[in-house]
Amino acid sequence: MNYPENNKFYRLDEMMQSQVDCGMIPGGHLRIIKDGKRIYDKCFGMADTARGLKISDSTIYRLYSMTKPVTAVATMILYDRGLIDLSDSVCWYLEGFKDQKVETTDGIVPANREVKILDLLTMTAGLMYPDRGTNPAGEKMADLFDKFYEKAFSGNGTYSTVDMCNEMGKIPLFAQPGTCWNYSVCADVLGAIIEVVSKKRFGDFLKDEIFAPLGMTDTDFYVPTEKRDRFAEIYIRGEDGKLAPCDWQHLGLVYKYTKRPEFEIGGAGLVSTANDYEKFAQMLLNGGKYGDTRIISRKAVDLISHNIITPEQKKTFNWDSCIGYGYGGLMRTLTNPEITTVGNIGEYGWDGWTGNYFCNDPENNLTFMYFIQVCGGNGIRPLRTLKQAMYSALED
């Protein structure tokens with residue numbers, strides 16, 4: 001895509017190319033859609049240096065936590081149909097969440113109340129990700145994932161989505177339900193609830209209700225053989241500061257996407273392309289509809305794309321990337337742009353462990369998408385500066 005010399009979009013070219021040239025990323029894709037049209041769309045560098053594979057429109061990426069907004073939409077499909085209510089107790093659907101306990105400094109005590117579906121949507125359930133050295137709940141969740149890996153690598157298969165989430169529910173919570181925000185396995189548990197309610201495997205539900213209707217033909221929980229030549233490598237930064245292929249497993253993704261997993265992970269498991277994810281993001285921006293296809297109601301989009309955590313819960317929503325934001329349905333939503341300066345009230349979206357990022361800006365009818373594959377990403381600063389340059393260019 002070419003731009004006239006007086007168009008400030010050239011700054012985005014320079015900034016993305018500099019990320020490649022300095023070794024911050026091996027390659028990346030930046031796409032901006034405004035009023036339904038791509039106003040910036042450019043690929044830089046390599047998807048896999050060893051194979052000589054360049055980043056392209058058809059490159060397949062690991063989404064990691066950019067899976068979460070998809071799971072939120074799947075949840076709202078059930079909500080729209082009256083099959084669930086957000087105040088429903090999780091234990092109605094998953095027996096492992098019955099009679100839950102909370103592990104405190106004073107010992108293990110009964111939970112004050114049952115975990116609700118809304119707690120899962122807002123990451124306020126008191127659950128943990130596997131995390132050693134943080135608290136007993138994180139340690140026990142890590143033990144569960146180690147057991148999961150042991151089963152997988154012994155050749156005996158792994159837990160199914162529902163079985164794994166039932167095991168998660170048996171682990172004492174680290175905090176009383178609804179008291180604080182904490183990034184955790186909440187989206188995975190929503191995937192299991194969707195299986196129970198729909199009577200379909202989670203991946204089949206996503207395919208039938210979201211991917212097929214939107215034409216997201218390259219989005220799935222694995223990459224079939226015929227598409228492996230488009231699958232980007234994942235890189236990790238070594239102690240010398242240089243990037244090298246990452247070979248270890250994370251968050252239960254045991255098969256390296258070579259076959260369909262038994263545990264379809266609602267918080268981290270999907271792969272997709274920029275073309276596919278654009279359709280998903282545009283569906284949200286259009287109030288739940290893409291073209292003539294409606295996926296969820298406008299009311300459902302409004303609910304997950306606006307802040308729904310309380311002021312008390314928001315005190316623990318304190319990541320650097322979330323300054324000025326509240327939290328909706330598995331997505332950040334901008335409430336105080338005077339703090340962060342980059343964006344407009346109502347912007348929403350999320351990112352992933354490999355550095356992928358998307359946001360929708362309803363005020364400008366705009367979608368911003370950034371795809372890379374570097375473990376841990378590169379922090380919020382490169383994204384903020386890209387967005388600053390974008391908004392400056394939009395003023396011309």
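I started with the lining of the largest cavity, whose residues divide into eight nonpolar, two polar and three charged. My classes: Ala, Val, Leu, Ile, Met, Phe, Trp, Tyr, Cys and Pro are nonpolar, Asp, Glu, Lys and Arg are charged, and the others, Gly among them, are polar.

Before going on, a note on the source: this is a predicted model, where local features need pLDDT of at least 70 and side-chain atom pairs count only at pLDDT 80 or more, while totals for chains, interfaces and linings use all residues. Residues are numbered from 1 along each chain as its sequence is written, and side-chain values use heavy atoms, with hydrogens and water left out.

Back to the holes. The search works on a 1 Å grid over the protein atoms alone: a cavity is a set of points where a 1.4 Å probe fits but cannot get out, a pocket is an open set with protein on both sides within 12 Å along at least five of seven lines, and lining residues have an atom within 4 Å of a point. Grid points are joined across faces, edges and corners, and a volume is the space filled by probe spheres set on the points.

I searched the whole structure and got two cavities of 30 Å³ or more. The largest has a volume of about 110 Å³. Its lining has 13 residues, with Phe221, Leu253, Val254, Tyr255 and Pro261 nearest the centre. The second largest cavity holds about 30 Å³. Its lining includes Met46, Ala47, Glu233, Ile372 and Gln373, and by class it has seven nonpolar, two polar and one charged.

Of its 18 lining residues, Arg62, Glu233, Ile234, Cys246 and Lys256 are closest to the centre. That lining has eight nonpolar, three polar and seven charged residues.

Which element holds glutamate 233? I found it in the loop between α7 (202-214) and β7 (235-237). Leaving aside neighbours within four places in sequence, glutamate 233 is in contact (heavy atoms within 4.5 Å) with Ala47, Asp48, Arg62, Pro245, Cys246 and Gln373. Its C-alpha is 9.8 Å from that of isoleucine 372, 139 residues apart along the chain.

In β3, its bridge partner is leucine 53. β2 and β3 (residues 53-54) run antiparallel with two bridges; strands pair if DSSP finds at least two bridges between them. Glycine 52, in that hairpin, takes a positive phi near 65°. Histidine 29 stands opposite cysteine 43 in β2.

Last, the whole chain: I get 12 helices and 16 strands. The C-alpha trace spans about 65 × 45 × 40 Å along its principal axes.

Note on methods: Helices (H or I, at least four residues) and strands (E, at least two) are DSSP runs, numbered from the N terminus.
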